[in-house]
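Welcome! Please take a moment to look over the sequence and the 3D structure, and then we can walk through them together.

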Amino acid sequence: MKVTDLLKKDVMLLDLQASSKEDVIDEMIASLYKHNVLTEQASFKQAILAREEQSSTGLGDGIAMPHAKTKAVTEPTVLFAKSRNGVDYDSLDGQPAHLFFMIAVPEGGNDTHLQTLAALSKLLMEPSFVAKLKEAATPDEVQQLFLEATAEDSEETDETNASEADPSTSSDEKPFVVAVTACPTGIAHTYMAEDALKKKAKEMDVDIKVETNGSDGTKNHLTDEDINRASGVIIAASKKVEMARFDGKHVVERPVVDGIKKAEELITKASNQDAPIYHASGEQSGDDEEYEKQSAWGKIYKDLMNGISHMLPFVIGGGILLAISFLFERALGEESEVFLFFNSVGDTAFSFLIPILAGYIAMSIGDRPGLMPGIVAGMMADNSDAGFIGGLIGGFVAGYLIVLIKHLLKNLPQSLASLKPILLYPVLGLLATGVAMYFAIGPIFSTLNSFILNFLEGLGTGNIVLLGILLGGMMAIDMGGPFNKAAYTFSIGIFNDTGEGAFMAAAMIGGMVPPLAIALATTIFKNKFTADERKSGTANYIMGLSFVTEGAIPFAAADPLRVITSSVIGAAIAGGLTQFFHSTIPAPHGGIFVVFLGNAWWFFLLSLLIGTVISALILGIWKKPVSK
């Protein structure tokens, strides 16, 4: 595939009218949609703006390359646009952007178009080519320029690849450095940084090998021999890359845009070993003031998302298998081997939810040493009925305790440095986290659990509608924590003692509303959720109907105020309605598979629908569009 195959003439805009960054994006997206490159505009714009929030794609020198990879794209396309007056695009050099390349890439498929986009990115590093592009007046002229440039670039690439493939062409007298380039989407900046580093190294008479972590996977992988031979390492990346292999090397770590704009500085630092020594624990012996800075909330959100993204497979996989098990239980009985198999596997996956959430939050904060204490914190939270909120708190506590321990041990003699990752961090991290969970977080939630249970028992059945409201709402507050556990335990206790399933109906409906409401909200309010959230939302239909409340946990962890508040309101209303309609459920679990065994089951379904719709509307209206 050639660059000109992606650079379609009919979508080009050689006289942009927009005068602001967002207007430029809107005008280009409208052209893509008009020419059937996009099935719809909203989700693609969300993805474009999400990428801009990570770092501006205004590269400087008058060029901007907004890009996104979504299902809305029908075929890989590059839209070229020009603005005569220039637009303030938050460019790295603070200057207006005149040339725009909007890259639209579909999800899935092969990587041929990604290689072509890499070639396009490298062409834009040539000042003479960019100058000619600014003078082009028609789509045909633009295409002709790219045809000529790609032919020349192909010859140079063949020569470069031949040189890199032959170790004999690399002199031991020259400095040798290695580099890794990566950007969040792996479409453009990754390859522009690679090209800039290679060209600058050639000018400086320095040998370099660059590994790219793009959308098409890792290319030009650095071997152990490469790393051992290198004077220093350059990490020009705006996402996480594999770092343990660089243990003991001088590492210059910067955002990917520095690889494009500050290639000479990075190569000088790496070749002169003027950079901190990296240790596999994630600790560095010095600070690099030029690191990409994040706000406090940005760091917390990143850490939280790291936990949620690793927890999601357990939620979806375990939840679906549990739902299937209830179906087999209804058809074959609770002694059925098929039911026991699906139930056991699903339940086992669910037992990892909170430990995985906490572990990967802690790992995001404290790197690899945080993983084990974080997982233990999550397990202790789960065992003490602290629920996902306790586990979430435990994950952050474990991560920051590891950061504290690293700080306290930073002046340890070099002879003992090797003990830190294999002995000191694990032991001290686990001890500190265990103390925090055992003596603080666990007891707090355990005491809260006992208080709530006593309150419910003292309330009695004098006002069953009020009690139904409380039970339904409590099931949705913390989805496995003390409120949820107290409501469920109380309902099961009444059910076991009397065989009366009225309160069981309130508790079950309270656990069904949150995932169902989230699923409905992601269906109705598509622009309020990311593509990944909409995919997870679909699975919540099954989990909600099956009384698997945990499907809502990733959403509640990511946006607790809106998700929990809307869930509690809808669940409380539904719980109260079950008591008003005198609905009963003669089983402690099963959801939709046992509803029809109870009294007034049609009113139970009506209550479920009402609570779900109310909760979904509150959440959908309250949430802001993803683009904002």
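Predicted model: local features only at pLDDT ≥ 70, side-chain atom pairs only at ≥ 80, totals over all residues.

Residues are numbered from 1 along each chain as its sequence is written, and side-chain values use heavy atoms, with hydrogens and water left out.

Let us begin with the chain. It holds 24 helices and 10 strands, taken as DSSP runs numbered from the N terminus (helices H or I, at least four residues; strands E, at least two). Of its 628 residues, 51% count as buried, meaning under 20% relative accessible area, with exposed over 50% and partly exposed in between (1.4 Å probe, protein chains only).

Now find helix α19 (residues 502-524) and helix α20 (residues 531-545), which pack at an angle of about 145° with their axes 7 Å apart. Axes here are lines fitted to C-alpha atoms, for helices over the stretch in contact, and angles run from 0 to 180 degrees between N-to-C directions.

Finally, turn to Leu419, whose place is in helix α16 (residues 419-459). Is Leu419 buried or partly exposed? Leu419 is partly exposed, because its relative accessible area is 31%.
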